[in-house]
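Let's take a walk through this structure, one piece at a time. Have the sequence and the 3D view ready.

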Amino acid sequence: MVEHAWTGGSLPTFVSHLECSLTGERYPADRLHGLSKAGRPLLVRYDLDGVRQALPRAALGQRPQTLWRYRELLPVRRPENVVSLGEVVTPLVPLPRVAARLAGGGEILVKDEGRLPTGSFKARGLALAVSMAKELGVRTMAMPSNGNAGSAMAAYCARAGIGALVFCPDDTPPINVREIAMQGAQVFLVDGLIDDCGKLVAEGERAVGWFNCSTLREPYRIEGKKTMGLELAEQLDWQLPDVIFYPTGGGTGIIGMWKAFDELERIGWIGAKRPRMVVVQAEGCAPMVKAWEEGAEHAPRWPDAHTFAAGIRVPQAVGDFLILRAVRDSGGFAAAVSDAAIAAAWHEVAAEEGLLLCPEGAATYAAYKAAAADGRVRPGERVVLFNCATGLKYPMPEAGTRLRLGSAIDWQRLAGGRGG
């Protein structure tokens with residue numbers, strides 16, 4: 001029996017309008033939009049009084065465990081336009097051994113987004129972006145990507161029958177490039193960074209009219225990423241954690257979760273408590289950290305951006321002020337960690353807890369360790385780390401001991417001196 005993401009013949013939707021995130025200017029829903037006239041992201045707004053009346057919180061218990069369980073807070077109006085590859089509710093995986101050492105009686109939970117289609121949290125945003133593109137008649141989509149977003153867009157576009165073009169920096173992990181191509185998209189390797197790729201996407205948009213699906217340049221990837229916050233609240237019995245560590249490139253997830261928490265409070269499902277939101281970046285590409293430390297509202301482009309954690313190698317974010325607003329309003333902070341610390345954290349969690357993070361997820365653990373050591377995270381607090389993709393997509397250090405059949409083996413040395 002196939003479980004659908006909805007019941008009945010239509011999706012109950014409560015979208016009222018779109019709104020410029022900078023000026024508040026209103027835009028009509030059900031039309032194709034990019035950035036606002038002010039050049040800033042558009043946010044989807046809902047009739048939240050209508051949602052409150054239509055959806056008792058207890059009703060969620062009867063729905064399939066997919067992100068579409070929150071359909072009243074999502075923008076797709078017609079069920080035939082839902083483009084789905086089975087977006088499961090991702091688990092919260094505790095790190096008990098690590099917590100026993102570091103958390104002072106607190107709890108460390110990993111929201112493991114690697115369980116989603118295409119192996120990353122990009123599936124959330126692209127499921128909504130492609131569904132809305134289908135609903136609004138888009139025939140070709142294009143985006144710049146460090147890998148996982150391009151993989152997700154290619155997959156959902158293939159599912160929807162929409163053409164896809166992806167522009168990647170030429171050092172994008174080969175598995176991502178192959179994945180994008182296997183899923184039917186045209187993929188181009190560019191001798192530059194992701195914002196250089198974004199310029200090419202914008203040029204093509206002007207020249208041939210494809211739809212630009214770059215981060216925050218259309219309104220609906222935020223709505224998909226918002227479901228991380230909705231899921232998290234429900235999984236913790238509507239009590240938000242004390243701190244969230246989030247690997248931040250374009251920052252759609254922080255913006256989306258902050259929006260989700262506001263909507264949940266306004267429909268009466270949670271109270272006013274918010275987690276401290278922590279932006280995690282690499283020392284080699286930390287524009288948001290620098291802006292936070294300097295008290296700035298915007299983050300200028302980071303020169304010579306470099307880190308092996310490619311997903312957070314984003315020199316400049318169009319939604320910088322929204323990210324910084326969420327961090328400051330929550331009483332959170334921004335932290336940069338070295339590539340060496342990311343690599344050590346990656347190995348530590350895998351070896352001690354059996355959970356293979358991606359490098360960007362490992363960055364959140366490295367940042368947590370530093371914050372726990374200097375008191376920015378207090379003993380006894382509940383902390384959530386976001387692991388944004390499966391670690392299986394990333395090159396790992398060579399390992400293994402070679403054995404030659406027929407040769408003598410020193411079993412005691414092989415087993416590290418441990419006997420039975």
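## A buried asparagine

A residue counts as buried when its relative accessible area is under 20%. Keep in mind that this is a predicted model. Now look at Asn 81: its relative accessible area is 8%, so Asn 81 is buried.

Where does Asn 81 sit? You'll find Asn 81 in the loop between helix 1 (48–54) and strand 4 (92–94). Leaving aside neighbours within four places in sequence, Asn 81 touches Val 76, Ser 131, Lys 134 and Glu 135.

Next up is an open sheet of four strands, paired in parallel and ordered 8-7-6-9. Strand 8 (186–190) and strand 9 (211–212) are at the edges, each with a single partner strand, so one side of each has no neighbour in the sheet.

Zoom in on strand 7 (residues 163–169): five bridges link it to strand 8 in the parallel sense. In one of these strands, strand 8, Val 190 is the bridge partner of Pro 169.

## The two faces of helix 5

Which residues of helix 5 (residues 174–182) are buried? They are Asn 176, Val 177, Glu 179 and Ile 180.

On the face turned away from the buried side, Arg 178 and Met 182 are exposed. After helix 5 comes Gly 184, with a positive phi near 90°.

Key. Residues numbered from 1 in each chain as written. Predicted model: local features only at pLDDT ≥ 70, side-chain atom pairs only at ≥ 80, totals over all residues. Heavy atoms only, no water. Pairing = 2+ DSSP bridges. Buried < 20%, exposed > 50% of the residue type's maximum accessible area, 1.4 Å probe, protein only. Contact = heavy atoms within 4.5 Å.
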